[in-house]
Amino acid sequence: MEGLTPSITLQSDHINPVIQFARSGTGVSLVSGLSLDRRDREDLVAVPVDHPVLRQRQGQIQTMTGRTQPAILTAFVDALIDALEMLA
């Protein structure tokens with residue numbers, strides 16, 4: 001939405017590699033605070049990101065261009081879109 005292009009070093013469908021990436025000191029990870037358990041909070045620094053775009057009530061589903069998604073993810077996204085359209 002801001003027209004920024006991040007430099008992504010690690011992308012994972014699982015939270016543990018993302019947490020370990022941050023723990024290693026190699027880089028930073030953007031995760032929901034709900035993704036961190038007590039142990040993670042003891043040795044990682046969580047920095048809240050306060051930006052107007054993040055306070056908007058909207059959701060986005062983003063995928064990497066050309067990446068083939070697992071069938072279960074495609075089914076979930078389709079079901080989510082259907083459920084949201086029924087609410088609109």
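The paragraphs below go from the overall fold of this predicted model to its salt bridges and then to a few individual residues.

Residues are numbered from 1 along each chain as its sequence is written, and side-chain values use heavy atoms, with hydrogens and water left out. Because the model is predicted, local features need pLDDT of at least 70 and side-chain atom pairs count only at pLDDT 80 or more, whereas totals for chains, interfaces and linings use all residues.

The protein chain contains three helices and zero strands, where helices (H or I, at least four residues) and strands (E, at least two) are DSSP runs numbered from the N terminus. In sequence order the pattern is therefore written α-α-α. The C-alpha atoms occupy a box of roughly 40 × 30 × 30 Å along the principal axes. The radius of gyration of the chain, taken over C-alpha atoms, is 16 Å, while a compact globule of 88 residues would have a value near 12 Å; the globule rule behind that figure is 2.2 Å times the number of residues to the power 0.38.

Of the 88 residues, 10% are buried, a term that stands for under 20% relative accessible area, with exposed meaning over 50% and partly exposed lying in between (1.4 Å probe, protein chains only). The accessible surface of the chain, from the Shrake-Rupley method with a 1.4 Å probe, comes to about 8,000 Å², and carbon and sulfur atoms contribute 57% of that surface. Among contacts (heavy atoms within 4.5 Å) with a separation of 6 or more, 28% are between residues 24 or more positions apart.

The chain carries 7 positive and 10 negative side chains, and the centres of these two sets are 7 Å apart. In this count Lys and Arg are positive and Asp and Glu negative, with His and the chain ends not counted, and each charge is placed at NZ of Lys, CZ of Arg, CG of Asp or CD of Glu. Side chains of opposite charge can pair when their charged atoms come close. With a salt bridge defined as a side-chain nitrogen of Lys or Arg within 4 Å of a carboxyl oxygen of Asp or Glu, the model has two salt bridges.

One of them joins D13 to R67, with the closest N and O atoms 3.4 Å apart. D13 lies in the segment before α1 (15-24) and R67 in the loop between α2 (38-43) and α3 (71-87), so this pair ties together parts that are 54 residues apart in sequence. R67 is partly exposed, at 32% relative accessibility, and, leaving aside neighbours within four places in sequence, R67 is in contact with Q11 as well as D13.

A salt bridge also forms between the side chains of D43 and R23, at 2.6 Å from N to O. Here D43 belongs to helix α2 and R23 to helix α1, so that the pair links distant parts of the chain, 20 residues apart. D43 is partly exposed, with a relative accessible area of 44%, and R23 is likewise partly exposed, at 27%.

Two further loop residues can be located in the view. Q69 sits in the loop between α2 and α3 and counts as buried because its relative accessibility is 19%; apart from neighbours within four places in sequence, Q69 is in contact with T63, M64 and T74. L30, in the loop between α1 and α2, is exposed, with a relative accessible area of 78%. The C-alpha atoms of L30 and V77, which are 47 residues apart along the chain, are separated by 21 Å.
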